[in-house]
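Me: I am new to this structure and would like to go through it slowly, one question at a time. Could you keep to what can be read from the model?

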Amino acid sequence: MKKIEEYYAPWVKGIPMYISDHIEKAWRDPSLHRMMSNENPLPPSDKVLEAMVKYAKMANRYPDQGLVVRSKIAEMNNVDGPGNVMIGNGSSEVYDNIFRMFLQPGEEVIQHTPCFGIYGLRGTLLGAKMVSVPMIYKDHLMHYDPDAIIAAITDKTKIIVVANPNNPTGNFMDAKHFITIAETGIPFVIDEAYVEYAGLGMSQVQLTKKYKNVLITRTLSKAYGLAGMRFGYTIADKEVIDQIAGSLLPWNVGTIPMWAALAAFEDTEGLAERVKFNNDAVDFITESLSVIPGFYVMPSKANYILFDCGETGKTGKEVLAFAETRGIILRGESKKYGSDGWFRVTVGTAEENKLFVDTVLEFFGMKK
Ligand SMILES: Cc1ncc(COP(=O)(O)O)c(C=O)c1O
């Protein structure tokens, strides 16, 4: 008799459950300041809460395919209709649907690093090889490297994924470079998880009308502040959506999240309030910490900021450990570009942002 291990698909063997230790920790101790996971510090608006309660009362019923919310998304993005939109439990699930419709074991996914980790997790699960193309770090700023992305293409490349703005760097790639990559014809996923902070005017969604290979992904986890609801979507050509939607689990998005999402889209004031709060906070943190010699702040258009304090002689790890003594959880980053001074903060409440700034200033001896 063969052992159970011999029956697993070879490329999934040993893949563990993904557990975010800092999120686990934050739920265990609600007094901690969650400045690590790019969540929104503001709770859902009353209008969104009303929708949640209304549909919670109908939770005994199966959801439909979400035509109302998909139509709303289509209208907001000026695409033909709900057939151009597929919805999922957060954009993480949407990548899973997209990836499994293109990838076979041994094929390649190009990602631009540093980047969001879920692309790699889903690609690896499908037996794909992740090809990481690093961004360029020059003059203490992170830059996209579209030429290197193009150069990394092989006959095995099945997907190219680029986040815009990128996490953790916070910057946008020039519009013309999206066209260059789209022109290759390779499925090109543009992750716009944070685009609402800069406004939909920065979206590349119009490319989906010209290029069947371009897919835009978005989420309500960030500017809309509904990370715990799990709602994301992709916009693309209708035929492409039809094909990718073949991978959907029946009733994947629950009734409550889909109607809460609709309420969030309709509550334009609620979004504007969250965006303004965030962008003011990013300015506050950026300005307050730019005074530290040898401490570099990456300009951000999202709800997090990446720092490099390598030249101060301190490491990102040391900053994280000090912040933890004040109950603040930050996000560590691996050593890169010869520096081990990287770390990232997520915008918190006004009090938390002040506490974070004071803590970092104190750590670097800048606080009287
Ligand atoms: C670039 C990027 N894309 C997508 C997501 C996924 O979010 P969700 O699965 O909650 O939609 C995140 C979350 O941190 C992210 O940083």
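Reply: The questions and answers below go through ring pairs, charges over rings, a helix contact, a lysine in a loop and some backbone angles of this predicted model.

Me: How many aromatic pairs are there, and how far apart are the ring centres of Y194 and Y304?

Reply: The count of aromatic pairs comes to 20. One of them joins Y194 and Y304, whose planes stand at 80° to each other, and since an angle over 60 degrees counts as edge-to-face, that is the class of this pair. The centres of the rings of Y194 and Y304 are separated by 4.8 Å.

Me: Which ring has the charged end of K314 over it, and which ring lies under R34?

Reply: The charged end of K314 is placed 5.3 Å from the centre of the ring of F363, and F363 also belongs to one aromatic cluster together with F295, F307, F322, F343, F356 and F364. R34 is at 4.9 Å from a ring centre and lies over the face of that ring. The rings asked for are therefore F363 for K314 and, for R34, W27.

Me: At what angle do the axes of helix α4 and helix α5 cross, and is the crossing left-handed or right-handed?

Reply: The axes of helix α4 (residues 90-102) and helix α5 (residues 118-125) come within 10 Å of each other. From α4 the contact is made by S92, Y95, D96, F99 and R100, and from α5 by I118, Y119, R122 and G123; by class these are four nonpolar, two polar and three charged residues. The axes cross at roughly 40°, and the crossing of α4 and α5 is right-handed.

Me: Is K222 buried or exposed, and what is its relative accessible area?

Reply: K222 is in the loop between β9 (214-219) and β10 (232-235). Leaving aside residues up to four places away in sequence, K222 touches S37, N38, N40, A193, Y194 and Y197, and its C-alpha atom is 9.6 Å from that of P41, which is 181 residues away along the chain. Because residues under 20% relative accessible area count as buried, K222 is buried, with a value of 13%.

Me: What are the phi values of H140 and Y337?

Reply: Most residues other than glycine have a negative phi. H140, in the loop between β5 (136-138) and β6 (141-143), and Y337, in the loop between β14 (331-332) and β15 (342-346), each have a positive value. H140 is partly exposed at 26% relative accessibility, and Y337 is partly exposed at 33%. Phi is near 60° for H140 and near 50° for Y337.

Note on methods
Residues numbered from 1 in each chain as written. Predicted model: local features only at pLDDT ≥ 70, side-chain atom pairs only at ≥ 80, totals over all residues. Heavy atoms only, no water. Phe/Tyr/Trp six-rings, centres within 6.5 Å; stacked < 30°, edge-to-face > 60°. Lys NZ or Arg CZ within 6 Å of the ring centre and 35° of its normal. Axes fitted to C-alpha atoms, helices over the stretch in contact; angles between N-to-C directions. Helix = DSSP H or I, 4+ residues; strand = E, 2+ residues; numbered from the N terminus. Left-handed = near helix turned anticlockwise from the far one by under 90°. Contact = heavy atoms within 4.5 Å. Nonpolar A, V, L, I, M, F, W, Y, C, P; charged D, E, K, R; others polar. Buried < 20%, exposed > 50% of the residue type's maximum accessible area, 1.4 Å probe, protein only.
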